[in-house]
Structure formats: structure tokens, C-alpha cells
Amino acid sequence: MAYVAIRGGADAIKGSARLMDALRAMGSSAPLELDQIERQMPLLHSRVLSEGGLYHPRLASLALKQSLGDSLEAAFFLRAYRSTKPRLGETAPHDTRTMRVVRRVSAAFKDIPGGQMLGATPDYLHRLFRFELMDEGPETFAQIARDWFGNRPKAEAPLTFPKVLDTLRDEGLLAPLAESDEEPFDITREPLIFPVPRSAQLATMARGETGGLLALAYSNMRGYGDVHPTVGELRVGYVPVMVPHPVTGKPMEAGEVLVTECEIVAMFEKADDGAPVFTLGYGACFGHNEVKAIAMAVLDRAISVAKDKGRIANPSEDPEFVLLHVDGIESMGFCTHYKMPHYVTFQSDMDRLRAARTKAEEAADAPR
Amino acid sequence: MHPVDTMGQNREGAEYGFAFLDEDAKRELRRTIFKAVCIPGHQVPYASREMPIARGFGTGGMQLTLALLGPDDTCKVIDQGADDSVNAANIRAFFALTCPGVTGTLRTEEASVIQTRHRIPELPLRADQILVFQVPYPDPLVVVESNAAKRRRMHGRADYARLWVKLYEDMVAFDEITISHRYPTRINGHYIIDPSPIPRFDVPKLHQAECLYLFGAGREKRIYAVPPHTDAIPITFNDVAFAVESFRDKTTGKRHVCRRCGADDSFLDEFPDNDGARVFQCSDAAWCDMRLERLEAAE
Amino acid sequence: MSVLELPRLWRPETHQALFRRILDVAARPGQIADLSDLLDDRPAALAALATFCDNTQTLADPTGALSDADLAFLDVRTAPVEQAGFILARGADAPRFTPRLGTLDAPEGGALIVVMVDSLTDGPPLTLTGPGIAAQTVLSPGGLVPAWLDARAGWCADFPMGVDLVLADQTRLAVLPRTAKIKGA
């Protein structure tokens, strides 16, 4: 009798790839265009950019298309692609005050310098289905565009805005920004060996999986922790990327990246001069992803609080627990791997169980 | 359509270099491998790169293999002892795609580099062969301590007291050490390693071998090594002998044999066949094939 | 300079071939790797550094053995000899420094020292035991002053901390990992 057909596994894999493609192509709908994904699902697209850790909007769309809409898989595609790219250089730190803002709000103050800019957000819309969206055609989109651009008021809104928290700093209610010339920790070049600096913490979370970060932050918000945040500022917009000119060394704008940034203000503590001040939590990521930025800021504060107190009371305060479990590529990969053959290890387990049962039987049968 | 055509160039004209990884990544892997060999059993951290195959599917083993392979290598990939297990087939296809010139083989004796998941080949390996293990959990102390910093301290001091306590608790509860695969093994009298989920049956092959053993954990970002001619002793109590899987039938008392080649000394896969009967077959497909070849040649 | 124009010693395929031979002899202390077909007359010591060094690593070259051109290709950052991850030294000069030995938690921090010797085969015989060696073996490096063996014994006294040595003559390498015990040293 033949052993497992020697071509079986490889053939099955090839068949699987063809079937995935066939499922995509079945039916009467037209193939997805990359533009459609980026334009009409920008928030899903943003999630992939952010979790992939590579700002390449076209490839993020391709990743979603190729992965049949699985955001974990799509982020994985970007991450794997990034893995092979050579390191060309490093920029200087970027100040997000240069951000060309599309949305900017603060929960801490009723009004803020430059104004509260609601921008495009579903936050205050009713989550009621608009069934007319089921029958949209190209002419619907054309009408929407005409309505928006035709009647746009000619208000002179500034492109960039000051930071809300600077107001608190000016009054001394928030500790001044510490100057640091420390090299930021590069999580793509060094593994996390704890304790890690804050830059490693933030970098890991910046490309962390949204659901994972949210669950951990939520645990802190509900009481497994005591951050009690107020959103000092949440801003979304395009940050110009400044790279040094190859000849003159002068910083030149090479392009822009969509970034979401959240600064939360949390419980106060004593500053160096003895007077109490508010504390800060910071979150930022590629793309438009507010839940992630807020969750990140809460976790940033939670971990810092525990570090200052020297006591970890909850999982969301434990840097190892948080940072080692929020990477979507790693968690998804390991979860998925349980579907692989494990029959040799299982055979080994059966041997141990049988041995232990034999011992138990012998003990039960032994004369007293 | 040859997969290399789609892999080699994208629209921007960018290409993948030999063995997929960039030279910086390979250099870091090579530095880490060198240190691992100089400090047998110590888990050396490295900046594990993401691969186009998911974490948990052997990215650590793959990075090791990709750092090693050159165009005159012959490479074999096995999973659960079989070349055609889906995981091995997938990885082998990736090597074929990214390492032009490297020869693939199913025969253990022809390979210069073998990447494996969960088994050591039955055929003893030679000094000119390297065995690369895919490792899910590099640290045997993870069963007794979840904090990585504390585990590192314990390893540095060879302080394995809490592991011994765990084994003792097993004895008290079951009169057996219940660890089956991933059996903690002491290397060169200092570091205790997790030898990856190989069965107990394979652990003795680590001891004083001719070949080099390299262990790669991609997700956990650690590499460790057992050099040739190095002591690798599974830990146990003085009065509890280390026992391998017996494959002894409970009723007849006889050791099961492979239904295909008749081997009575190899690790066997046990599974129900279509009639519901229990059958046994060599887990190491190449070993089974080789035995069959020899039997047929002898006839 | 395109990859094709790079001198042989700096090409990726050379580094792969070099690494395999270095790995073989690191796993089997006392065995000698002949690199002559890969070197194009460059020294084996440089080949060892070329295999491992890049701009994430630090190197100390206290005797100034490396040319500016070679340093540029190595692309390493220089560091004082007590802090460098890689050290290039001469076997004829007794070492008057303490290199990085690593820590109990991170012994891999111990330095890799490439020691240039006259020959790997015509000096006094050293009997070696330890991992990678079946029973024992003999390595006879010439041009390695005894102070090196004394210093190494001190540096490697507290395993897992220690240093790892690559001995290099003009065309060949041998490796003494910290685990290799030298009889009488």
C-alpha cells in the first residue's frame, strides 16, 4: 500500500491558491480597483497601513484585495514587503505641529486656539442604515461631488494648528517637554528585551493590532487600572515628511503621510519641583485610526504610571504583557499555526498519557 | 507560469536578492548564529524579520536556512518527518523561488542543510550537514515563569530549581514525568534548552552528534545551537530513567513495526485507516523509502 | 559601484561562502578553514571582519592594521577596545586591555577578537577539549604570545561570560570559542 502520496501536500496548496482566486472572481461583480479600496474604504485601508508599519497606500489596497479583505493578512503582506526594503537613512524627528489638519478636537476645553474642527467623522451620526446606498451608481457620486464642491464656503481656515497641550504647559499644569537626544529604539533592528525605553513602547504600539490594543486599553478604562483619561487633543492630518537633501543636507519635503495623533491628559502626580502636574499619554499611528491612537495613549500612560510607581497591578500596566501581545502579525501567525499538523507531538502526548494511566492502574491493582 | 517571474520583479522594477533577505539581515543572523555556537544552549536574541510566511509557520527556521544557503547547497525540508506535509511543501517552494541554484532533495543523505519541524531524521547526520529546527517556544522556563527578564536571569545563573520542582510535582501527581515533546535538555552542563517539539524519541540524537544543530524561533526572536560533540542530557531524577516512546502494544507486549518497511526502531505515526483499524507507519518518510529501497534491492 | 564591480571580498556571495567555513570551524574548535580560494590575496583576518561587520557594529583596531579603504567597506563604527563588539589584534602583541565580556543575562555581548598570527600550523601545540571536539584535538598557532592564552583564560573564567577568538594567518582561520579549554592554559 502506498504511503501518503508524495505530491499531496504541494498539490493541495496549489489548489488552495487557485480556489481563493476563483472565489474572488465568481459572480458578476467587476474586479475591485485599488482606488475603490483606498477611496471608499479609507478607514479599513488606514488600519492596514498602520498595522503593516509601511506607508504605501497603493500596496495597502493591493494587500486588502489579495487577502480577500482580511485586515490581519493584509497588514502581514505589507510587513513582509517592508522586510526586504533596504534602509536608506533616517530623518530627524518630526513635529506634528506641521500637520495639515483634516480633523482636530479636544475634550479638555470647550474651545481651543484655531477652533474645534469636527472634520469627517461618524461619531455623532446615527447608526441607521441608509438603504439608498445599496443602489448607488456613478451618477450618485457625481452629484455628491457637485453638491460639496459647488457650494463650499470660501472660509479661510488655517492649515496648521498649535498644540492644545501647549496651553497647559504654559500655565505649568503639564510638565514641560523633556529635551532628549537619545537614539530612538528601532524595533525592526533589535528585539524587545525588557526593560525597554519608551520609544520602543510607542513604536511597538504604533504598528500594533487595533483590536488587541483596544481590548487592553478598555480593561484599564473599566477599572483594571486608573488612567482616567481626558483627550487633550486628537488630530488627524497630513504630516510633511522632511528628508535631508542628498547634496546640501537641507531638509526638503519629500511627501506627506496621513497620521492620527492623540494626547491624553491623566491623573496628576508630583513633578520634579514638588508641585503636582497632569500626566500625559501619547498615541500616534499611520492612517486615520482614532480608536487605536486613543487606546495607545491610554496604554502609554498605564505603562508609565506603573513604571514610576514601581508596581504593576494590572495587565495593561505590564510592558511585557502589553508589548508582546499586541503585534497582529505575530499573534495571528501563532494562532493560525495551530491548524498545522501536530501529530508527532500528539503521538508523544499519547505515549505519556498511556504511561501515566498504566501507572495509575498498577497503583490501583497493587495489593495493600 | 513560473513563480519566479512574478516574484523577481514588480512594476517598479525592484527585485529580491538571493535568499530573499537583505544583506544586513543575513549578517545579523550570521553574527547571532556564531555567538549561539560559541555559547551552546544560550538563546541569543536577534531582530527577526517578517517573512512572507506567517509567524508560527517556521519563520525562525527559514531565516536560519536563508542565512546559510549558497548556490552549491542541497536543501531538504521536513515537517512531522514528511517532506510533503503542507508546511514543508510550502517552505520548500519558497526556497526554490528565492534561492536559484540551490538543489532540493527528499533524500536525507544528499542534503547539506535540512530544515525540520518536530523531528530529527532517523538517519544519523554527518559532519558536513546542518539541521535547522523550527522553534515555537525557545525557553523551557516559560512553563514556570512568564516574565522574560526573570527567565534570562535564571538561565544566566543556571538556576533551574523551579523547573525541577515542576518535574517533581509531576512525579507526585502521576508517578511519571509527563513532559512528552519539548523535553528540557541540558547542554554542555549549563544551559537547559527546549529542543523544540521533537518527541522524547529524538532527544538522544542531540548528544555528542557529528552534525551542527541550529534552533530558530522567529516570533520569539531567539537563536540557539548545539554544536557537534557536545553533551545534551535530558534532565531527570537519579532514580527516574529517561524513557523514549515505546510503541509497545499493551495487549501483546510487542513493539509495533512500520506496516510499509517493517522497521521496529523508528518513530511511528499511529492513525486510524479507512476501516477504523489502528495502523503504524514510519514518521520519517525518507527513512522509510530508503529501507524499502534496500529491501527491494536485496530481493 | 554596482554589485558586479565590487572586489570579491565585499560581495554577498563571498560572505555566504566565508560564513559557512567560519561556522564549520567555530562548531569544531581546532579545525582550520582554508579561505585562499575566496580571498583574492586579501588577508583572512579581514575576511572574517567583512563577514560580520556593518554599520550597526563597533570595531577597535588598536594597532591600526586596517586601511581607510577597508574601514570604509566594513562600514563599522569605531569604539574603544574595552567597548567594541569586534577587535582586530596581533598575536605578537600581548593584550593590554580588558574586552567586553558580556553579562550573565547577555553573554553574547562578549567581544569577537580576530587575532592575526603568523601561521596556524607551525607553532607550539595547544591541546583543546570542549564542545565541538571529539575527546581532544591539537591546534598549533605560531606567533601567538603566551600572554594571549593567560588573558583569555581570565576573560573566559566565568562562563557564560567571555570572548570568542578567531585566529587568522594570511589565508586560514581557526576559532576558539569561550567554551574551548586549552590544557595547561
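## Basis of the description

Helices (H or I, at least four residues) and strands (E, at least two) are DSSP runs, numbered from the N terminus. On these terms, C:Asp75 belongs to the loop between helix H4 (68-74) and strand S3 (77-78) of chain C.

The model is predicted, and local features therefore need pLDDT of at least 70 and side-chain atom pairs pLDDT 80 or more, whereas totals for chains, interfaces and linings use all residues. Residues are numbered from 1 along each chain as its sequence is written, while chains are lettered from A and ligands numbered from 1 in the order in which they are written.

## Overall form of chains B and C

Chain B contains seven helices and twelve strands. Its radius of gyration, 20 Å, is close to the 19 Å that the globule rule gives for 299 residues, so chain B is as compact as a globular protein of that length. This radius is taken over C-alpha atoms, and the rule is 2.2 Å times the number of residues to the power 0.38. The C-alpha trace of chain B spans about 65 × 60 × 35 Å along its principal axes. Of the 299 residues of chain B, 54% are buried, a term that requires 20 or more other C-beta atoms within 10 Å of the residue's own; 12 or fewer make a residue exposed, values in between make it partly exposed, and C-beta atoms are placed from the backbone. Residues at least 24 apart in sequence account for 59% of the contacts in chain B between residues at least 6 apart; a contact requires C-beta atoms, placed from the backbone, within 7 Å.

Chain C has five helices and ten strands. For its 185 residues, a compact globule would have a radius of gyration near 16 Å, and the 16 Å of chain C agrees with this. The C-alpha trace of chain C extends over about 50 × 30 × 30 Å along its principal axes. Buried residues form 48% of the 185 in chain C. Among contacts in chain C with a separation of 6 or more, 65% involve residues 24 or more positions apart.

## The interface of chains A and B

In chain A, 43 residues are in contact with 51 residues of chain B. At least two residues of the side of chain A that touches chain B come from each of helix H1 (8-25), helix H5 (71-83), helix H12 (328-337) and helix H13 (343-365) of chain A. H13(A) contributes the most to this side, with eleven residues.

By class, the side of chain A that touches chain B holds 21 nonpolar, eleven polar and eleven charged residues. Ala, Val, Leu, Ile, Met, Phe, Trp, Tyr, Cys and Pro count as nonpolar, Asp, Glu, Lys and Arg as charged, and the others, Gly among them, as polar.

## Helix packing

In chain A, the axes of helix H9 (residues 210-222) and helix H10 (residues 290-309) come within 8 Å and cross at roughly 50°. Axes are lines fitted to C-alpha atoms, for helices over the stretch in contact, with angles from 0 to 180 degrees between N-to-C directions. H9(A) and H10(A) are therefore oblique to each other; angles under 35 degrees count as roughly parallel, over 145 as roughly antiparallel, 65 to 115 as roughly perpendicular and the rest as oblique. The residues that make the contact include A:Leu213, A:Leu214 and A:Ala217 of H9(A) and A:Ala295, A:Met296 and A:Leu299 of H10(A). The residues of this contact comprise eleven nonpolar, two polar and one charged.

In chain B, the axes of helix H2 (residues 23-38) and helix H3 (residues 59-68) come within 9 Å and cross at roughly 100°. This angle makes H2(B) roughly perpendicular to H3(B). On the H2(B) side, B:Lys26, B:Leu29, B:Arg30 and B:Ile33 meet B:Gln63, B:Leu64 and B:Ala67 of H3(B). The contact of H2(B) with H3(B) has four nonpolar, one polar and two charged residues.

## Backbone features in loops

Two cis peptide bonds may be described together. The bond from A:Phe194 to A:Pro195 is cis, with omega near 5°, and A:Pro195 is located in the loop between helix H7 (164-170) and helix H8 (198-206) of chain A. In chain C, a cis peptide bond with omega of about 15° joins C:Phe159 and C:Pro160. C:Pro160 is placed in the loop between helix H5 (146-155) and strand S8 (164-168) of chain C.

Positive phi values also occur in residues other than glycine. B:Asp175 has phi near 60° and lies in the loop between helix H6 (161-174) and strand S6 (185-187) of chain B. B:Asp175 counts as partly exposed because it has 16 C-beta neighbours inside 10 Å. C:Asp75 has a positive phi of about 60°. With 13 other C-beta atoms within 10 Å, C:Asp75 is partly exposed.

Conventions: Two residues are in contact if their C-beta atoms, placed from the backbone, lie within 7 Å.
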